[in-house]
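Hi,

Here is the structure I promised to pass on.

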Amino acid sequence: MSALPNAPHALFLENLHDDADRAINLFGPVSVTRLASSPERAQLEADLQTADVIGIRSRTHIDGALLDLAPNLLAVGCFCIGTNQVELEEAAKRGVPVFNAPFANTRSVAELTMASIIMLMRRIPEKMFAIHESGGWLKTAEGSHEVRKKKLGIVGYGNIGAQLSVIASALGMHVYYYDVEPKLAHGNARPTESLDELLSLADVVTLHVPDTAQTRGMIRAEHLAKMKKGSFLINHARGQLVDIDALTEALKSEHLAGAAIDVFPKEPKGKDEAFDSPLRQFKNIILTPHIGGSTLEAQAAIGEDSAMKLAKYLYQGATNFAVNFPNIEPGPIKPGNTRLTVSHLNAPGFLSRLNEKVSNAGLNITAQFLQTQGDLGYAIADMEGAMPHDFQAIIEGLDGAIRVRLIGQSA
Ligand code: NAI
């Protein structure tokens, strides 16, 4: 524990990466208490009495009842990608933004995908199985290729797809991509007009789209049939994208020469549960246990990213990238200004009533921001002038106000 008098206090649970301590102090001092595990509920309730922000991973469950017992808690940082462990709506209702680090492991996925492309094109999985299982020595160039000048088809040209595009281009691949949104091509990568066009031209097709109603089951038998004979499919994105039975048939018929799959429609819940899938029968595919983003570097990046977002919220009121809150990036507070942040019910007239109170207090607004999302509004006003001692209470008394903060230069 490092305690700083008057500094906001962060409670970091579940052995967060060390880099989080440096990042949480980026905008001003924050005292940090660390715990290696997730405490029992009663202990957590007690610990939260003194915490301004909390950093968790997947094991700590935060619900509305817990938040009611922690009225001083300002924000929750999920030091991971998923946020299912937090009741997001309940947190929003109480004016508590929740942050995560959705893109911190994207480089790790891009690297594994590139490695898988090379391993598949060199037919390494079959050769490895032969050596491990029976000492088989498949010393042959048959079916093995360099990736140079081969066509890579990327479905979803977002954070991962675009990084992969750059890496694959550097290795001399011809990169094509298909995305539902217009995306600026990196290097010599070329967009295709349709998914079908991409499927029919690529030597390797790799999926990097989110799990949505549109993408679920986007690769079925008819799509696999459109892929070139002898091509490869990679799914390092989400388990529901590919019809596994159809993929099994495409591998059995040798229409596809192999695959690399990291995500599955049904995955074991933990180490004690066995993984089962018809794909296990094939020796020309790489099966991995959903570890596309699991590297120590990604852990460090997650620690840094989530902690930085909490720090920015503490010292600037910034909610950009919060998963349950209107997003505002107000920038640093000007010298001599005090920043008022108010989460409130999204209803007509709130901002004018707020501004009236500010004006009545003799304060001058130098900058103002407002965003709404569903029932929730988030307003920020930078003000100059002598602050009346009861100003916070006045704003808290406004009809619809949920959470009011005053952030000054030495907050
Ligand atoms: P992103 O949001 O940056 O990019 C996704 C792209 O897909 C966007 O450009 C979007 O426009 C596009 N897209 C959406 N629907 C589409 C459709 N129907 N057809 C074509 N393009 C479509 O996401 P990011 O960070 O690149 O992640 C991609 C996937 O990788 C996500 O599903 C994510 O959950 C998964 N992932 C898997 C990991 C693992 O451990 N295997 C780790 C990290 C991410």
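Below are my notes on the sheet, the aromatic pairs and the charged side chains.

First, the ground rules. This is a predicted model, so to speak of local features I needed pLDDT of at least 70, and side-chain atom pairs count only at pLDDT 80 or more, while totals for chains, interfaces and linings use all residues. Residues are numbered from 1 along each chain as its sequence is written, and side-chain values use heavy atoms, with hydrogens and water left out.

Let's start with the sheet. Helices (H or I, at least four residues) and strands (E, at least two) are DSSP runs numbered from the N terminus, and two strands pair if DSSP finds at least two bridges between them. An open sheet is built from 7 strands with parallel pairing, in the order β8-β7-β6-β9-β10-β11-β12. At its edges are β8 (190–191) and β12 (285–287), each pairing on one side only. Further in, β10 (residues 231–235) and β11 (residues 256–261) run parallel and share 5 bridges; Phe232 has Gly258 in β11 as its bridge partner. Helix α5 (residues 106–121) packs on this sheet and touches β6, β9 (204–207), β10, β11 and β12, with its direction at about 150° to that of β10. Contact here means heavy atoms within 4.5 Å; axes are lines fitted to C-alpha atoms (for helices, over the stretch in contact), and angles run from 0 to 180 degrees between N-to-C directions.

Now the rings. Phe, Tyr and Trp rings (for Trp, the six-membered one) pair if their centres lie within 6.5 Å; planes under 30 degrees apart are stacked, over 60 edge-to-face, and the rest tilted. That gives 5 aromatic pairs. One of them is Tyr157 with Tyr177, stacked at 3.7 Å centre to centre with 10° between the planes. This pair links distant parts of the chain, 20 residues apart: Tyr157 is in the loop between β6 (151–155) and α7 (159–170), and Tyr177 is in strand β7 (residues 174–178). Both are buried (under 20% relative accessible area; exposed is over 50%, partly exposed in between, with a 1.4 Å probe and protein chains only): Tyr157 is at 2% and Tyr177 at 3%.

Phe325 and Tyr378 make an edge-to-face pair, 5.4 Å centre to centre and 70° between the planes. Phe325 sits in the loop between α11 (296–316) and β13 (338–345) and Tyr378 in strand β15 (residues 376–384), so the pair ties together parts 53 residues apart in sequence. Phe325 is buried at 0%, and Tyr378 is buried at 1%.

A charge sits over a ring if NZ of Lys or CZ of Arg is within 6 Å of the ring centre and within 35 degrees of the ring normal. Arg405 does this over Tyr313, at 4.8 Å from the ring centre.

Finally, salt bridges (a side-chain nitrogen of Lys or Arg within 4 Å of a carboxyl oxygen of Asp or Glu): the whole structure has 20. Arg22 bridges to Glu304 with the closest N and O atoms 3.1 Å apart, joining helix α1 (residues 19–24) to helix α11 across 282 residues. Arg22 is partly exposed at 48%, as is Glu304 at 32%. Glu329 and Lys312 have their closest N and O atoms 2.7 Å apart; Glu329 is partly exposed at 37%, whereas Lys312 is buried at 18%. Asp68, Glu90, Lys93 and Arg94 are linked in a salt-bridge network.

Cheers
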